Amino acid sequence: QTQQSGENVMRTFGKSHKLDHVLYDVRGPVADEAARMEASGTHILKLNIGNPAPFGFRTPDEVVYDMAQQLTDTEGYSPSKGLFSARKAIMQYAQLKNIPNVSIDDIYTGNGVSELINLSMSALLDNGDEVLVPSPDYPLWTACVNLAGGKAVHYTCDEESEWYPDIDDMRSKITDHTKAIVIINPNNPTGALYPKELLEQIVQLAREHQLIIFSDEIYDRLVMDGLEHISIASLAPDLFCVTFSGLSKSHMIAGWRVGWMILSGNKRIAKDYIEGLNMLANMRMCSNVPAQSIVQTALGGHQSVKDYIVPGGRVHDQRDLVYDMLNAIPGVTAVKPKAAFYIFPKIDVKKFNIHSDEQFALDLLHDKHILISHGAAFNWPHPDHFRVVYLPRMGMLRETIGEIQDFFSYYRQA
Ligand code: PLP
C-alpha cells in the first residue's frame, strides 16, 4: 500500500490476507474500550476472561514448590514434544480416561492448548479444506482453521436441548471437503457436558464419513453435579482422534502456559499428518520447560479443583447464584451449566429492541462498567446471547449480576 506524504510516497504495511477470516473478539473491540476506560481511571468489573488466578483461585502449594525446585534444571530446551516425566504423566492420564492406543510418542506438550490448536490445524489443512466447528465455539478453533487456509463450517449447538450439538445439522454440513469434526466438551461458552450416547452419535458420523475428531477437553476436571466426563476418543478406537487438555483451568495456572494433545486410535491413517505435526513441533523448539516440569506433580497430586466443584465449593455455588439471578431477569433465560465456569444466557431481543450484541455489550460497559463478551465473539449468528464468566467471589458476583438486573430494567424499553 502507498500513501501520499508531502513529496514522498510513503510505504505502509497492512495485515496479511490470511487474517481476512480470522476473528478473536473475546479480546476484541469491547475489551479494548474497557481497557481505554480503565486507563482513564474507571474501575471495570470483568466477567469476560476465563482466568481463575486473579479471582483468588490458587494452584496447590506443592505445584508451586515443585516449580521452584526445578527452575534451575529447566533452563534449557526440552525435547520438542516435551519432557519425559510430563509426557509419561499425561500418558497415564490418557489411560485413566480410557483413550486407546496411546504411547509416549503420541503426546505433545504445548504453550497452553492454544498453541496446539494452531499447530494441529496448520499441519492439516490445505486451502479449501473444511472443518466442522461448533457454534457457539471457543473462537480460537474457528480462527485457527481459517488462518490455516481452511474453512470453518459451523454446526449448531441446540440451546433447547442442553446446548448439545445438533447431529442432523452436523450431518447436513458434511461435504467432500470435510476433513474433521471439532467438539468442545465440556463446552466454552455454554458449560454443556456431553453424554455418552451423544458422543457415540458423533463418533458414528465421523466413522461414516472418515473424519478426524478433535476434542478440546480443557475443562474435563471441572464437571459438577456428580456427572462424569467421557473422552470421545475412548469411544473411537478405530478412528484417528486428537484430544486436548491442560492445566490452565484445573490448576489455575493459565499464565504458566502448559497444555497437551494426545493422538489416539487409528494412527496408521494419519502417518503423513503426524510427520507434519512433528515438523511444526520441532520448529517451535519446545513448550515452556519449567511449566512442563510440574505436570507430573499436578496430575498425580492433590486435586484442589475438586473442592471447588462440589456443593459448598466456590465454582459450584457461584454457578448456582449466577444461574438463579440471570434467570430472574424478565426477558433473559439461561441453561444451567454443568461444567467449566461460563454461562451463555439468551436475551429476548424483541423486548429489548436489540440488533447488535456488540452494541449491547458496549452499552452495558458504558452504563454499568461491567465487561461481558457478546455472543458474536463465539461465532453465534444471532445478536441474542452473551457470556458471563462466573469466577468472581459470591459477594462481588451478587453485586455485579444485581447491576446487570438493574440494567435490563431500563435498557431500551419504551
Ligand atoms: N480451549 C478452550 C475451550 C478454552 O476455553 C481455552 C481458554 O479459555 C483454551 C482452549 C486455551 O487454553 P490454554 O490456556 O491451555 O491455551
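**Figure 1. Packing of helices α4 and α5 in the predicted model.** Helix α5 (residues 140–147) packs against α4 at an angle of about 35°, and the two axes are 8 Å apart. Axes are lines fitted to C-alpha atoms, for helices over the stretch in contact, with angles running from 0 to 180 degrees between N-to-C directions. Helices (H or I, at least four residues) and strands (E, at least two) are DSSP runs numbered from the N terminus. To the contact, α4 contributes Ser114, Ile117, Asn118 and Met121, and α5 contributes Leu140, Trp141, Cys144 and Val145. Residues are in contact if their C-beta atoms, placed from the backbone, lie within 7 Å. Six of the contact residues are nonpolar, two are polar and none is charged. Ala, Val, Leu, Ile, Met, Phe, Trp, Tyr, Cys and Pro count as nonpolar, Asp, Glu, Lys and Arg as charged, and the others, Gly among them, as polar. This is a predicted model, in which local features need pLDDT of at least 70 and side-chain atom pairs count only at pLDDT 80 or more, whereas totals for chains, interfaces and linings use all residues. Residues are numbered from 1 along each chain as its sequence is written.

**Figure 2. The shell around the ligand.** The ligand is surrounded by 13 residues, of which Gly112, Val113, Ser114, Tyr138 and Ser248 are the closest; a residue belongs here if its C-beta atom, placed from the backbone, lies within 6 Å. With three residues, α4 (residues 112–124) gives the most to this shell. The shell comprises seven polar, five nonpolar and one charged residues.

**Figure 3. Packing of helices α12 and α15.** The axes of α12 and α15 (residues 394–410) come within 10 Å and cross at roughly 15°. The two helices are therefore roughly parallel to each other, a term for angles under 35 degrees. Their crossing is right-handed. Asp317, Gln318, Leu321, Val322, Met325 and Leu326 of α12 meet Met394, Leu397, Arg398, Ile401 and Gln405 of α15.

**Figure 4. The contact between domain 1 and domain 2.** Domain 1 (13–57 + 307–410) and domain 2 (61–300), with bounds from an automatic or database domain assignment, have C-alpha centres 25 Å apart. Their contact takes 33 residues from domain 1 and 30 residues from domain 2. On the domain 1 side, α12 (314–327) and β13 (342–343) each give two or more residues, and α12 provides the largest share, three residues.

Key. Two residues are in contact if their C-beta atoms, placed from the backbone, lie within 7 Å. Angles under 35 degrees count as roughly parallel, over 145 as roughly antiparallel, 65 to 115 as roughly perpendicular and the rest as oblique. A crossing is left-handed if the near helix is turned anticlockwise from the far one by less than a right angle, and right-handed if clockwise.
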